[in-house]
Amino acid sequence: MTQATVQSEQSMTTAKADSQTAGLAPTAKNARDLPKEVLLKWLRDMQLIREFENRTMQAYQQAKIGGFCHIYTGQEAVAVGTIGCVNSDDPVITAYRDHGHALARGMTPEACMAEMFGKITGCAKGKGGSMHMFDRPNWLFGGHGIVSAQTPMGAGFAFATKYEHEVLGKTLEGGEAKKKVTLCYMGDGALDQGAFHEAQNIASLWGLPVIYILENNSYSMGTAIDRHTANHENLIDRAKGYGMIGVKIDGLDIMNIYNEFKPIVDQCREESRPAFIDLKTYRYQGHSMSDPQKYRTKDEVDQYKDRDSIAKLVSDLMEMGYLSEDDWKSTQKALRDEVRAAIDAAESAPVPEDDELFTDVYANPEKNLSPTATYSHGTKNPLM
Amino acid sequence: MTTLPMIETDIHPAVDNPELPDFVAEHELPSREGDRVVQFREALREAMSEEMRRDKRVFLLGEEVAEYNGAYKVSQGMLDEFGPERIIDTPISENGFAGMSISAAMMGLRPIVEFMSWSFSFVAADPILNNAPKMLYMSGGQFGCPIVFRGNDGAGGQLASTHSWCVEALYANVPGLKMAIPSNPYDAKGLLKTAILDPDPVFFLESERMLGDKAHVPEEEYYIPFGRARVAREGDAITLVSFGRPVNFCLEAAEKLAEEGIDVEVLDMRTIRPLDIDSIIASVKKTNQILVVDQSWPFASIASEVVTQICERCFDWLDAPPQRLNTEDVPTPYAKGLEYNYLPNPDRIYDAVKSMVNA
Ligand SMILES: Cc1ncc(C[n+]2csc(CCOP(=O)(O)OP(=O)(O)O)c2C)c(N)n1
Ligand SMILES: [Mg+2]
C-alpha cells in the first residue's frame, strides 16, 4: 500500500532532487472533490486495517503472536484520514497501538504481520513486536510502548526538519530542503504525562511544525477520560494556553477529518507552528488482548459501531456513484486474500538466528563493550 | 507470631520510633508446608490488606488499582473493602503520583505506590531516586520517607525492550533505599508486610511471570526480616546465589544436576539492600565455588557486586574464580526464541554449573 499520490509540477521537481520520492497529499477544498481514486484508496486502506486487525486477533488467540498487542479497529479513519493529509516524506510517530498507522503509511501487511510473529522478515526483524512498528522508507519513526514517549520525539522530528530547511538549506540526504510537518499520534492517557506538556511548550516556543493528534477514544486502559484528565471537555484550551493551534474534530467520518485537518497541516507547514487536535474516535476491542472490559457497556460499543467509519465511507461513495455493491464485495475479498497471504508469509518465514540477539546493539560494535557479549552488525533489515 | 498494635494516631512524624515487629529466626517462622495454597498475587494482596486494616495511614495508589481491580489483579477487591479514599486510581502520571506520595510520606502517611511495571518507573526517576532515598540525609535527619514502591520487574512475556526492565542493578546503586525481590508467595507476603512497616523507602520488585505461582501461605501473621537469605536448597558442590524469579530457575537446574550427583546449594537472597553477605560467605566456605544468577545485565550488576564482596571477604576459600550468569548484555528482544536465550534460564544455569564443577 502506498500513499495516495497526486503528482503536481512541484512534486516532480522535488522527486528529482530528493532520493526519497515525495508523494504529495491530494488537495481539494472539500474531500468530496478529491479524485475518485483517492477516496477509493482511503476505503481500501481502512478496510485493509480492519481485516488485518481481525486476523491479528485470531493469530494472537492461536498464540502465534505474543506480548502486548493492541487492536486498532474502530479508529481506522484517524490514521488513514490524517496520513492522507500529509506528504509521504513527512515524519510520523505513534504509540503502541500502531498497526493501523504502519499500514496507512505504506508498510506491507507481510512486514507488519511477520514482526508480530517474531520473524526475521518483520519490520524490526522480530526484535520489536506489535508495539514497535518502524518503517524508515515510509518515514514512520515507530510505535512506542512507553505512554507519551513519542510526544517529545514528535517535537524532535519537527526540529530536525526545520533545521534542514533553515540551517542546512538541504535535506540530510542531500536533497532540496522543504517545509515538512510531523504527525505525532497519542492516546488520551498520554495527555497526563509530564513529557507531553514539556514537548508542547518547547514546540510552541521554538515554532516547531508538529501536529499532536489525540486519538481520543475516551479510555486510558480501563479508566474513562473523566476519571483521568482534568477538564476533559476543553482539551484544546490547554493547547491554546501554550499558544498552539487547537482544534476538535469528529474522527469517525474520514471526509470530515480531511476537510478540517488538511488546512491545519497546510498552516503548520507554512507558518512552522505546532498544533493539537482532539480527534474523537472509539476503539472496538479491549485495551489489549487481555482486557475483560468491565468498565464499559456493550451498548456503548454498539452505539459507536452504528456510526462505523468504514460503513459511512462506503455509503458516501455509493451515493456519489463511485462504488457499487459488487465493487465493495470484490474489494473486501481482495483484502481478505491479501491479509491471508501476509499471514501465510509470516508463518512460513524463518525465526531470527540465535546470533541475531547480539546484532544491532551498536552501530559501531567495537571491542570490550561488554563483559559477556560480542556484538556484530545485523543482517540487512527487510525494509531497507 | 508478633501482632502489632492498632495504629490510632492519624498522622505523626515519620522518623519517630519505627514500629518494627520482633523478627524471629527462620526456623521459628510458621511452616512453609500446608494446604492453604494461594497465588503470589493473593499473597501480596493479603500483605497490603492486613497492614491497611491495622494502620489507617497506609494507602495504595497507582494505575488501574481500584475500579479495574488491578491491571494484574493484585489489588482485586481492595476498593470494596477500603474505599476510594485509600485505594486510588491515578492518571498515567508516574512522575506526579510517585512524587506526591513521597511528600505524603514525609508528612507521616504510608503510601504504597504501584507501578504497573517497573519499566514505567523511569518517567518518575527523579522523585524516586532523587527525593525518596535522600530525604532523610538532605534534611539532616528531620524527614524520613516511609514509602513502598512496588510492581512488576523483569522480562519473560515477549514485551520487548521498553517493557522488560530489570531495575535491580540500576536502582540498588542508590544509598538510602532498600530493595526486596521475593521469589515465591510465602516470602512475598512476609517481605511486603515488613516493607510497609519499614521507615525507609522500599523498592519492592515483583514479576508478572510469577503472579500466578501458587504455594502455601499460612493463616498466621508473619514478618520476614530484611537482609536474611534463605537456603532454598542445601548442597555442597557449588553455591548458587540468586533472587526473584531466577531462584526458581536455579532450583529447576539443581533438580536435574542432583540426578547426576551434583548437589548445589541455592541461596535466595530475598533482599538486595540489605544484602546478606554473611550467609553467602558461610555457604562458600562449605562449597568453595560460587555462581551468581542475576536477571539484570552483567555490567555493574548485583552479580558483579556479590562477586566483588566474595573476592574481598573470602577469596581464600574459593577453589575457582567466582562466576556470574546474567541476562545477555543486549536490549530485550521480542521474538520468543531470542527472549528465552536472553534470560538466565534453567538450561543456561545447568550448563554453567556443569562447566564449573567439571573444570
Ligand atoms: C509510562 C507508562 N505508564 C503506564 C503504561 C501502561 N499503559 C500502556 S497503555 C496504557 C493506557 C493508555 O491509554 P491511551 O493513552 O488512552 O491510549 P489507547 O490505549 O486508548 O490507544 C497504560 C496505562 C505505559 N505503557 N507507560
Ligand atoms: Mg485512549
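Trainee: Which residue stands opposite B:L291 in strand 14 of chain B?
Mentor: Keep in mind that this is a predicted model. Strand 13 of chain B and strand 14 (residues 323-326) of chain B pair in the parallel sense, over four bridges. In strand 14 of chain B, the residue opposite B:L291 is B:Q323.

Trainee: What is the bridge partner of B:L240 in strand 13 of chain B?
Mentor: Strand 13 of chain B also pairs with strand 10 (residues 238-242) of chain B. That pairing is parallel, with three bridges. Within strand 13 of chain B, B:L240 has as its bridge partner B:L291.

Trainee: Why is strand 13 of chain B largely enclosed by the rest of the structure?
Mentor: Look at both faces. B:I290, B:V292 and B:D294 point one way, B:L291 and B:V293 the other way, and all are buried. Buried means under 20% relative accessible area. Strand 13 (residues 290-294) of chain B is largely enclosed because its buried residues number five of the five.

Trainee: Which strands are the edge strands of the open sheet in chain B?
Mentor: Seven strands of chain B make up this open sheet, with mixed pairing. Their order is 3-2-4-5-7-6-12.

Trainee: What angle does the direction of helix 3 of chain B make with that of strand 4 of chain B?
Mentor: Helix 1 (residues 40-54) of chain B packs on the sheet, and its direction makes about 135° with that of strand 2 of chain B. Helix 3 (residues 94-107) of chain B packs on the sheet as well, touching strand 2, strand 4 and strand 5 of chain B. With strand 4 of chain B, the direction of helix 3 of chain B makes about 160°.

Trainee: Which residue of strand 7 of chain B is the bridge partner of B:M179?
Mentor: Strand 6 (residues 178-180) and strand 7 (residues 202-206) of chain B run parallel. Three bridges join them. The partner of B:M179 is B:F203.

Trainee: Which element gives the largest share of the nonpolar patch on chain A?
Mentor: The surface patch includes A:F159, A:Y163 and A:W206, and its residues together have about 820 Å² of accessible area. Helix 6 (150-168) and helix 7 (194-205) of chain A each give two or more residues. The largest share is four residues, from helix 6 of chain A.

Trainee: Is A:Y163 buried, partly exposed or exposed?
Mentor: A:Y163 lies in helix 6 of chain A. Its relative accessibility is 39%. The buried class is under 20% and the exposed class over 50%, so A:Y163 counts as partly exposed.

Conventions
Residues are numbered from 1 along each chain as its sequence is written. Chains are lettered from A and ligands numbered from 1 in the order in which they are written. This is a predicted model: local features need pLDDT of at least 70, side-chain atom pairs count only at pLDDT 80 or more; totals for chains, interfaces and linings use all residues. Side-chain values use heavy atoms; hydrogens and water are left out. Two strands pair if DSSP finds at least two bridges between them. Contact means heavy atoms within 4.5 Å. Axes are lines fitted to C-alpha atoms, for helices over the stretch in contact, and angles run from 0 to 180 degrees between N-to-C directions. Patches are made of residues with over 30% relative accessible area and no salt bridge: like charges are joined within 9 Å, nonpolar side chains (Val, Leu, Ile, Met, Phe, Trp, Tyr) within 5 Å. Accessible areas come from the Shrake-Rupley method with a 1.4 Å probe; for residues, only the protein chains shown count as cover. A salt bridge is a side-chain nitrogen of Lys or Arg within 4 Å of a carboxyl oxygen of Asp or Glu. Buried means under 20% relative accessible area, exposed over 50%, partly exposed in between (1.4 Å probe, protein chains only).
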